[in-house]
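Take a look at the fold before reading on. Follow the chain from one end to the other, then come back to the text.

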Amino acid sequence: MVDDSTNNNQLKVFFRKCLHFVSERIPSECPICEMPVSGRRLCCQCQQSIQPLKQHCFICAEPLFLGSPNYSIPKQLHTTTHQLCCGRCLKHPPAFDSTLVASLYQEPLVQLIKKLKFHENLGISPILGALLSQRISNAQQFDQLSLPQALVAVPLHKNRLHQRGYNQAELIARYLSKQLQIPLLKNAVIRVLNTHDQATFNLQQRMKNMKGAFKVLKDIPKHIAIVDDVITSGSTCHELSRMLKKSGAEIVDVYAVAKTPLNK
Ligand SMILES: [Zn+2]
Ligand SMILES: [Zn+2]
């Protein structure tokens with residue numbers, strides 16, 4: 001016997017497939033250069049302009065320009081495996097264990113992220129989600145990345161959520177969850193402090209500013225990944241990871257669309 005919920009699920013899957021089929025065929029334009037494309041996606045040229053980081057710290061994703069002729073590998077760089085670690089993470093390891101980003105926070109990613117974050121262009125979230133999920137799938141295939149048991153989006157404070165109407169990190173996390181078949185933990189973490197804009201703060205001030213910002217409401221699986229749009233100092237993810245580890249997590253990875261380098 002087939003119950004109502006099975007029928008409902010089959011119907012949902014059918015409609016989703018229909019919607020996908022139709023949306024893939026609707027002529028649209030690349031959100032960066034406005035070239036005609038089919039479906040919601042970037043044109044090939046814009047897609048290719050967003051390159052993954054070649055050499056970066058595996059913990060915080062800070063780019064390491066080892067190929068430069070003026071650069072020799074400093075002693076503090078840990079190079080016993082394929083994984084490089086920057087001096088900062090070696091001295092003061094953050095509470096998260098690794099970071100994977102789609103690319104650096106530079107054009108054209110900057111304008112895509114701003115369109116999603118500040119201009120209510122929600123159609124950008126699957127584009128950013130696809131860039132990140134591609135990067136994760138590649139790392140899984142080529143670098144033996146082990147996928148987490150669950151995802152959690154960096155939460156916004158309820159005042160900020162009310163102002164914006166949506167959490168851009170959660171939209172990206174929802175896309176990743178579907179693509180990678182990893183459950184997204186909803187309402188597992190809340191932001192209890194409405195932290196100030198951190199743009200003018202130095203690293204220590206950022207860390208201090210974030211302390212006590214999150215509260216975890218559920219038990220957390222052993223291996224989890226935090227999803228965010230942009231990572232700068234990592235202080236937000238550090239504080240969130242610290243709280244997740246207090247609630248049962250042993251490994252916390254960070255997945256973000258873009259990384260703003262600290263040493264520009
Ligand atoms: Zn384009
Ligand atoms: Zn690092």
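Is Phe214 buried or exposed? Phe214 is buried, because 21 other C-beta atoms lie within 10 Å. A residue is buried if 20 or more other C-beta atoms lie within 10 Å of its own, exposed if 12 or fewer, and partly exposed in between, with C-beta atoms placed from the backbone.

Some ground rules come next. This is a predicted model, in which local features need pLDDT of at least 70, side-chain atom pairs count only at pLDDT 80 or more, and totals for chains, interfaces and linings use all residues. Residues are numbered from 1 along each chain as its sequence is written, while chains are lettered from A and ligands numbered from 1 in the order in which they are written.

Now the whole chain. The protein chain has nine helices and eight strands. Helices (H or I, at least four residues) and strands (E, at least two) are DSSP runs, numbered from the N terminus. Of the 264 residues in the protein chain, 31% count as buried. Two residues are in contact if their C-beta atoms, placed from the backbone, lie within 7 Å. Among contacts in the protein chain with a separation of 6 or more, 71% join residues 24 or more positions apart.

Return to Phe214. Its place is in strand β6, residues 214–216. Leaving out residues up to four places away in sequence, Phe214 touches Val189, Arg191, Val192, Glu239, Leu240 and Met243. Phe214 and His157 are 57 residues apart in sequence, yet 9.2 Å apart in space, C-alpha to C-alpha.

Next, find the sheet. Four strands form an open sheet in the order β3-β8-β7-β4, with parallel pairing. Two strands pair if DSSP finds at least two bridges between them. The edge strands, β3 (98–104) and β4 (150–153), each pair on one side only. On average, neighbouring strands of this sheet are turned by 20 degrees against each other, direction ignored. Look at β7 (residues 223–231) and β8 (residues 251–259): they run parallel and are joined by eight bridges. Ala225 stands opposite Asp253 in β8.

Helices lie against these strands. Helix α5 packs on the sheet and touches β3 and β8, and its direction makes about 130 degrees with that of β3. Helix α9 (residues 235–246) lies across β7 and β8, running at about 165 degrees to β7. Axes are lines fitted to C-alpha atoms, for helices over the stretch in contact, and angles run from 0 to 180 degrees between N-to-C directions.

Helices also pack on each other. Two packed helices are described by the angle between their axes and the distance between the axes. Helix α5 (residues 125–142) meets helix α7 (residues 168–180) at an angle of about 50 degrees, with their axes 9 Å apart. That makes α5 oblique to α7. Angles under 35 degrees count as roughly parallel, over 145 as roughly antiparallel, 65 to 115 as roughly perpendicular and the rest as oblique. The contact includes Leu128 and Leu132 of α5 and Leu171 and Tyr175 of α7. Its residues divide into nine nonpolar, five polar and no charged. Ala, Val, Leu, Ile, Met, Phe, Trp, Tyr, Cys and Pro count as nonpolar, Asp, Glu, Lys and Arg as charged, and the others, Gly among them, as polar.

Last comes a second pair. Helix α8 (residues 203–210) and α9 pack at about 40 degrees, with their axes 9 Å apart. That makes α8 oblique to α9. Arg206, Met207 and Met210 in α8 meet Ser235, Thr236, His238 and Glu239 in α9.
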